[in-house]
Amino acid sequence: MVTMVSRGTVLMINTIGMALLALLIPIMGRLSDRVGQKPLLVTGAAGLALASYPLFHWLASGDVSLMLAAHMSLTVLVACYMGPFFATVVELFPTAQRYTGLSIGYNLSSALFGGTAPLIATLVIEWTGNTLAPSLYLSLCAIISLGVVLTLPKDDSRSPGSP
C-alpha cells in the first residue's frame, strides 16, 4: 500500500534529485576520464538492475527520509551511467558518421524507451496490481543496458590515473 505524501514534498524531493543529478553528471564524466568509462557504466547499470525494486519500495513507503534516500541513490546510479555515456557513444562511431549515428541512435532510443516509459509503467501496474512493478521494467532495461556495456571494447583511449 502506498502512503500519500504531499505534492509539495514530492516535488521538493524531485527538485533536490535533479539538482544533484546536474551536479553529478560532470563529476562522473571527469571520474570516467580517470578510471575509464566502462567501470562507471557497469556500476550504473548493475546498480539500477539490483537496487530498483528495494529503492522503489522506499519511494512508496511514505517516510520522507526513506523517499529522499531512495531518490538520491537512484540519482547517483543514473549519474554513474550518464556521466560517461555520451563520450562512450561518440567513440562507437567513425568521425564521418558520428553525428548521424549518435543523433539517430540516441533519439530513437529516447523516444522508444523514455517516451513510452509512463505508458508501460501504467500498464505494468494495471496488469500486476503492484505499484512497484515499474521498478522491474527499470531493472530489465538496466540488465539489457548492462549486457550491451559488457560487450563494448576495452576503453584504451584513457589509462587509469590520466587527467
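The sulfur of Cys80 lies 18 Å from the closest cysteine sulfur, that of Cys141, which is too far for a bond. The structure therefore holds zero disulfides, a disulfide being a pair of cysteine sulfur atoms within 2.5 Å. Cys80 is buried, at 6% relative accessible area. Cys141 is partly exposed, at 25%. Here buried means under 20% relative accessible area, exposed means over 50%, and partly exposed falls in between (1.4 Å probe, protein chains only).

The model is predicted: local features need pLDDT of at least 70, side-chain atom pairs count only at pLDDT 80 or more, and totals for chains, interfaces and linings use all residues. Residues are numbered from 1 along each chain as its sequence is written, and side-chain values use heavy atoms, without hydrogens or water.

The largest nonpolar core has seven residues: Leu48, Ala49, Leu55, Ala70, Leu74, Leu77 and Ala142. Such a core is a set of buried Ala, Val, Leu, Ile, Met, Phe, Trp, Tyr and Cys residues joined through side-chain atoms within 4.5 Å. Two or more residues of this core come from each of α2 (37–59) and α3 (64–91). Helices are DSSP runs (H or I, at least four residues), numbered from the N terminus. Ala142 is in contact (heavy atoms within 4.5 Å) with Ala45, Leu48 and Ala49, leaving aside neighbours within four places in sequence. In soluble globular proteins, nonpolar side chains tend to be buried together.

Leu108 sits in helix α4 (residues 98–114) and is exposed, with 51% relative accessible area.
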